[in-house]
Amino acid sequence: MKTYLVTGGAGFIGSNFVLYMLKKYNDVRIINLDKLTYAGNLENLKEVENNPNHIFVQGDICDKELVEGLFKKYEIDYVVNFAAESHVDRSIREPEVFAKTNVLGTVNLLNCAKNAWETENGFKEGVKYLQVSTDEVYGSLGETGYFTETTPLDSHSPYSASKAGADLMVKAYWDTYKMPVNITRCSNNYGPYQFPEKLIPLLINNCLNHKPLPVYGDGLNIRDWLYVEDHCKAIDMVINNGRLGEVYNIGGHNERTNIQIVKTVIAYLNENVDKEITEDLIKFVEDRKGHDRRYGIDPTKIKEELGWYPETSFEVGIKKTIQWYLDNRDWMKNVTSGEYQKYYENMYNNR
Ligand SMILES: Cc1cn([C@H]2C[C@H](O)[C@@H](COP(=O)(O)OP(=O)(O)O[C@H]3O[C@H](CO)[C@@H](O)[C@H](O)[C@H]3O)O2)c(=O)[nH]c1=O
């Protein structure tokens, strides 16, 4: 039995990872540490609520005593750090919280892991710290070319700067102490349980409520979309087989302009749900400050070294995703109303 400390496991990618791992393996135990900010939701984990291999702990990755306590209480083999403030627009308004959670939180996790895992001759056998990072640390591409693992870091937003800072701390623990680590850098994820501040669920939510669809700038910025389950599969592979100290880029090779995404969502909902959902809802608005023009990942390294490939094409993934939000309208209502958060805060405070 391997024990994982998964941080941010009630958030979008984190909860998908927890569900993926518990479905795939009977012999893993997951300690799920999540602060339950606005973007984390225990509703995402309902399927594993009664699974004895899933232990939920509400708390902050910056809390040294708490994290140290988890290492003392459980024999942790792997740390997978999903916990992060992740929304670029928010980071432009309030950068401090991004520096605190993303950089200092990562340092705290690294340090607690190091203290627990270090032996007289190095590190315990088989342990690993995996940092879940982002392609945004590489900055913005022109019309051609792709990010590879050797592309220099050139982050622009406070969000991506905080993620780059965290990545450099992880690298420092490898370079300085030879602590076993990996860093993964993914492109834009989409799928179930994504908080509707991010483009795709925001579009779905607004369409269903006949609200305008805000498109930043000219709508021609490009993102490389990755179905979240394919990302989870890649992380599992990197934990098990990634070469120590290495970075792996994870991307679906699905580049789309934002306006293409907007039109795809409208077309699906118009055809399947409501004829009043039309392109008239599109509203071009002021551009995001420092808006990166294009992200595109070259996933050759993870494909060649670990045999990873994305299983879900964008055409299939986007339909599955929209349908999931249609089938889970209560989830959308709960996460946007904050009701769920209050309910669970009470529940955990009363334990
Ligand atoms: C929310 C929103 C976004 N946009 C644009 C901005 C971007 O070009 C694109 C996608 O925006 P977002 O969904 O906020 O995602 P983006 O800024 O690319 O960053 C995401 O993808 C990154 C990976 O590339 C992750 O590291 C970030 O945590 C994640 O938030 O859509 C709009 O035009 N209108 C909107 O209302």
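**Reading salt bridges, the ligand site and enclosed spaces**

Biologist: How many salt bridges does a search of the whole structure find?

Modeller: The general idea is that side chains of opposite charge can pair when their charged atoms come close. In this structure, which is a predicted model, the search returns 18 salt bridges.

Biologist: Where do Lys 64 and Glu 68 lie?

Modeller: Both belong to helix α2, which spans residues 64-73. They stand 4 residues apart, about one turn of the helix, and their side chains form a salt bridge with an N to O distance of 3.7 Å.

Biologist: Which residue forms a salt bridge with Arg 90?

Modeller: The partner of Arg 90 is Glu 197, and their closest N and O atoms are 3.0 Å apart. Glu 197 is buried because its relative accessible area, 13%, is under 20%. Arg 90 has a relative accessibility of 22%, so it counts as partly exposed.

Biologist: Which residue forms a salt bridge with Lys 233?

Modeller: That residue is Glu 311, with the closest N and O atoms 2.8 Å apart. Glu 311 counts as exposed because its relative accessibility is 55%, over the 50% limit. Lys 233 has 9%, so it counts as buried.

Biologist: Which residues do salt bridges that share partners join into one network?

Modeller: Arg 243, Glu 246, Lys 301 and Glu 305 are joined in this way.

Biologist: Let us turn to the ligand. Which residues around the ligand come nearest?

Modeller: There are 23 residues around the ligand, and those that come nearest are Asp 135, Glu 136, Tyr 159, Arg 288 and His 291. His 291 also places a polar side-chain atom 2.7 Å from an oxygen atom of the ligand. A polar side-chain atom of Thr 134 lies 2.7 Å from a ligand oxygen atom. For Asn 258, a side-chain N or O atom is 2.8 Å from an oxygen atom of the ligand.

Biologist: How many cavities of 30 Å³ or more are there?

Modeller: A cavity is a space where the probe fits but cannot get out, and the count here is 3. The largest cavity has a volume of about 60 Å³. Its lining includes Val 88, Glu 136, Arg 288, His 291 and Tyr 295. By class, the lining of this cavity has 2 nonpolar, 4 polar and 5 charged residues.

Biologist: What volume does the second largest pocket have?

Modeller: A pocket, in contrast to a cavity, is open. The second largest pocket has a volume of about 250 Å³. It is lined by 13 residues, of which Asn 16, Leu 19, Lys 23, Glu 47 and Glu 229 are the closest to its centre. Helices α1 (12-24) and α7 are the elements that give two or more residues to this lining. The largest share, 5 residues, comes from α1. By class, the lining of this pocket has 8 nonpolar, 1 polar and 4 charged residues.

Methods:
Residues numbered from 1 in each chain as written. Predicted model: local features only at pLDDT ≥ 70, side-chain atom pairs only at ≥ 80, totals over all residues. Heavy atoms only, no water. 1 Å grid on protein atoms, 1.4 Å probe; cavity = no way out; pocket = protein on both sides within 12 Å on 5 of 7 lines; lining within 4 Å. Points joined across faces, edges and corners; volume = space filled by probe spheres on them. Nonpolar A, V, L, I, M, F, W, Y, C, P; charged D, E, K, R; others polar. Salt bridge = Lys/Arg side-chain N within 4 Å of Asp/Glu carboxyl O. Buried < 20%, exposed > 50% of the residue type's maximum accessible area, 1.4 Å probe, protein only. Near = heavy atom within 4 Å. Polar contact = N/O pair within 3.5 Å; in protein donor to acceptor, adjacent residues only side chain to side chain.
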